[in-house]
Amino acid sequence: MANIDIDEIKKTAEQIRKDCIWMSTRADFGHLAPALSIADILATLYKKIMVYDPKNPHWPLRDRFILSKGHGCLALYSILSQVGYFDRNLLRDFANKYDTMLPGHPEIKLPGIEANTGSLGHGIPLAIGMALAAKIDNKNYRVFVITGDGELEEGTNWEAAIIAAKHKIDNLIVIIDRNKLQLGDLTENISQLEPLEEKWKAFGWATKVINGHDINDLIFSLSATPYERGKPTIIIANTIKGKGLPVAENKIEWHHKVLTKGQYNALKDDLGLEELSND
Amino acid sequence: MTDNRSSTREAFIDALLEISKKNEKIVTIAADSQSRYGEFPNLYKNRSLNVGIAEQSMIGIAAGLALSGKIPVVTAYANFLAFRAAEQIRVDIAGQNLNVKIVGTDAGFSSEWLGYTHVALEDVAAIRSIPNIVIIDPADYEETFAATKAMFDYNGPVYLRLRGKGKEPQVYEKMESYKVGKGNILREGNNVAIICSGGAVHDSLSAANILKSENIEATVIDMASIRPLDKKLILDLALKVNLIVTVEDHNVIGGLGSAVAELISENCNNVKLLRLGVKDRFGTAGTEELLKKNFMLDDVGIAYNISEFFKKINDWRINSHENNNRVRRAGI
């Protein structure tokens with residue numbers, strides 16, 4: 001893999017983080033830390049892994065992406081604008097305008113969004129449906145999903161896990177954003193997710209554990225999917241909630257906290273953030 | 001194909017198989033009970049999925065298929081769709097206005113001995129509270145056959161409400177086509193209008209015959225299209241009769257009776273409404289006949305309730321007339 005690729009992906013991920021901080025501060029709203037943890041994964045998917053055409057969002061052969069943890073949508077909005085699904089100016093509308101195209105959870109009215117999400121535990125079943133449609137039509141596209149780790153407390157994920165394995169949905173790749181925090185506490189203080197990889201393995205999925213902030217690791221692991229023919233793939237990406245914004249990193253209370261305008265301006269030069277404007 | 005007493009479930013299967021010959025987009029998904037699609041899974045193996053006992057995932061998968069251009073059909077006991085999978089129906093299907101056909105079975109009293117867990121008397125209320133979904137509650141084999149075809153012609157989410165495996169009485173000789181949003185006038189009379197749907201239609205027609213012997217002439221409307229409701233037909237009726245009665249094999253809260261109440265309370269003068277159905281109670285175990293009798297939703301029960309209410313509103317009218325005279329005499 002040429003270094004330039006990695007540098008470009010890193011730059012894209014940095015821009016995602018800046019946009020997330022910028023949009024959420026402007027709106028004084030948003031799930032900032034859950035978006036920051038998936039910035040590197042999204043940058044790698046959209047810059048290196050997925051096949052799609054932003055000028056033709058409904059191109060039938062495109063790879064699909066579903067953000068099952070819909071509250072992380074700040075990062076998704078940024079990457080979609082960066083790869084050209086819509087003009088960057090639209091990011092100004094995040095939670096900032098009545099009936100906005102960019103609400104607090106993503107909706108298909110925005111180009112590039114494949115499914116409405118926001119209620120947790122919906123992404124994998126939706127993705128199975130899409131992946132199955134590819135099988136029926138003999139198409140080769142893949143369906144990528146990012147779920148939260150706390151999200152795995154929803155039972156539908158485990159229903160979907162046994163369904164996807166049984167029906168050999170190997171064009172489905174689910175990435176777990178394993179930041180080990182959820183709204184109220186550490187995930188392991190709330191429910192017993194571990195041993196997580198062994199669970200998915202036992203459910204019949206091909207598994208891999210990676211560093212979700214290491215672009216090399218991400219490229220390598222996402223390129224090689226499916227790992228086993230006839231098996232859906234789980235990638236447990238170890239991440240840091242709030243990654244890149246030190247004040248928010250690994251802090252339970254930052255699940256849906258945002259910077260004040262004062263904090264933003266104080267950090268602006270250090271992080272290379274854009275000017276906050278009131279338009 | 002039918003002995004005219006076949007079930008609504010069989011009608012759905014017959015229509016599905018006919019349509020599937022020409023429509024390759026249809027994908028059926030079952031939550032264990034694949035037999036509800038008849039021969040479809042054998043004929044179209046790669047377009048049949050059995051997800052097992054997982055109604056919520058079934059709905060999510062259907063939404064994913066619809067987002068990829070397929071026309072998915074899902075089926076299960078009405079309660080397990082309308083309640084177990086309510087959130088998936090709301091968010092994944094209705095919220096994205098997807099072309100998914102949701103077929104609830106064993107509605108009303110047709111689940112017989114299975115008990116209240118399976119007796120679906122609130123399913124319409126649940127679905128009706130969610131925007132975008134068309135609700136069809138057909139009366140018999142013929143109407144279900146035609147409605148199933150209409151359901152696939154319609155591009156959007158539909159909830160089709162069917163009953164159990166048992167034979168069902170015939171209401172229609174033949175129905176050429178079913179129109180979403182249109183009620184059917186089955187019988188005309190000037191004293192009262194009965195608006196009913198699904199498993200209550202045949203009993204309502206019999207009740208109208210009983211009422212005739214009491215000199216109460218009833219119009220009977222089959223309002224299988226609970227949403228969209230045939231508003232024009234109902235508002236026209238409200239100008240002609242003093243009493244509208246709704247009859248449904250469902251709770252009186254949230255179903256057909258509520259839909260009609262909402263319409264006439266905001267649009268009509270001088271018409272009374274009587275809602276017959278299950279009065280804010282759960283169902284229980286019993287044969288269809290026993291259940292209907294106990295909830296007074298057999299023909300005799302329906303006729304009795306209408307006749308009593310008819311007398312009551314006549315008494316009110318006389319009293320109100322006398323009151324008016326008293327007021328006039330007192331010179332107030």
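How far apart do the C-alpha centres of domain 1 of chain B and domain 2 of chain B lie? And what does the contact between them look like?

Reply: This is a predicted model, where local features need pLDDT of at least 70, side-chain atom pairs count only at pLDDT 80 or more, and totals for chains, interfaces and linings use all residues. Residues are numbered from 1 along each chain as its sequence is written, while chains are lettered from A and ligands numbered from 1 in the order in which they are written.

The C-alpha centres of domain 1 of chain B and domain 2 of chain B are 27 Å apart. Domain 1 of chain B covers residues 8–161 and domain 2 covers 184–318 (the bounds come from an automatic or database domain assignment). Their contact takes 24 residues from domain 1 of chain B and 28 residues from domain 2 of chain B (two residues are in contact if their C-beta atoms, placed from the backbone, lie within 7 Å). On the domain 1 side, helix 6 (123–128), strand 5 (134–136) and helix 7 (141–153) of chain B each give two or more residues (helices are DSSP runs of H or I with at least four residues, strands are runs of E with at least two, and both are numbered from the N terminus). That side of domain 1 of chain B divides into 15 nonpolar, three polar and six charged residues (Ala, Val, Leu, Ile, Met, Phe, Trp, Tyr, Cys and Pro count as nonpolar, Asp, Glu, Lys and Arg as charged, and the others, Gly among them, as polar).

Now look at the core. The largest nonpolar core has 181 residues (such a core is a set of buried Ala, Val, Leu, Ile, Met, Phe, Trp, Tyr and Cys residues joined through C-beta atoms within 7 Å). Buried has a cut-off too: 20 or more other C-beta atoms lie within 10 Å of the residue's own, against 12 or fewer for exposed and a number in between for partly exposed, with C-beta atoms placed from the backbone. Leu42(A), Ile128(A) and Ile194(B) have the most contacts inside this core. Helix 5 of chain A gives the largest share of the core, nine residues. Both domain 1 (8–161) and domain 2 (184–318) of chain B give residues to this core, so it lies between them.

Step back to the whole of chain B. Chain B has twelve helices and twelve strands. The C-alpha trace of chain B spans about 80 × 40 × 35 Å along its principal axes. Of its 332 residues, 53% count as buried. Take the contacts in chain B between residues at least 6 apart in sequence: 78% of them join residues at least 24 apart. The average pLDDT of chain B is 95, and 98% of the residues score at least 70 (pLDDT is the predictor's confidence in each residue, from 0 to 100).

Pick one residue of chain B. Ala63(B) sits in helix 3 (residues 55–67) of chain B. Ala63(B) counts as buried because it has 30 C-beta neighbours inside 10 Å. Leaving aside neighbours within four places in sequence, Ala63(B) is in contact with residues of chain B, including Asp92(B), Ile93(B) and Gln96(B). Ala63(B) is also in contact with Leu126(A) and Gly129(A). By contrast, take Asp280(B): its C-alpha is 33 Å from that of Ala63(B), and the two are 217 residues apart in sequence.

In all, 25 residues of chain B are in contact with 20 residues of chain A. Helix 5 (123–136) and helix 6 (155–166) of chain A each supply at least two residues of the chain A side. Helix 5 of chain A gives the largest share, nine residues. The chain A side divides into twelve nonpolar, six polar and two charged residues. For the complex, the predictor gives an ipTM of 0.95 and a pTM of 0.95.

Leu42(A) is one of the buried residues of helix 3 of chain A. This helix (residues 39–49) is mostly covered, with nine of its eleven residues buried. Not counting residues up to four places away in sequence, Leu42(A) touches Ile16(A), Ala75(A), Leu76(A) and Ile79(A).
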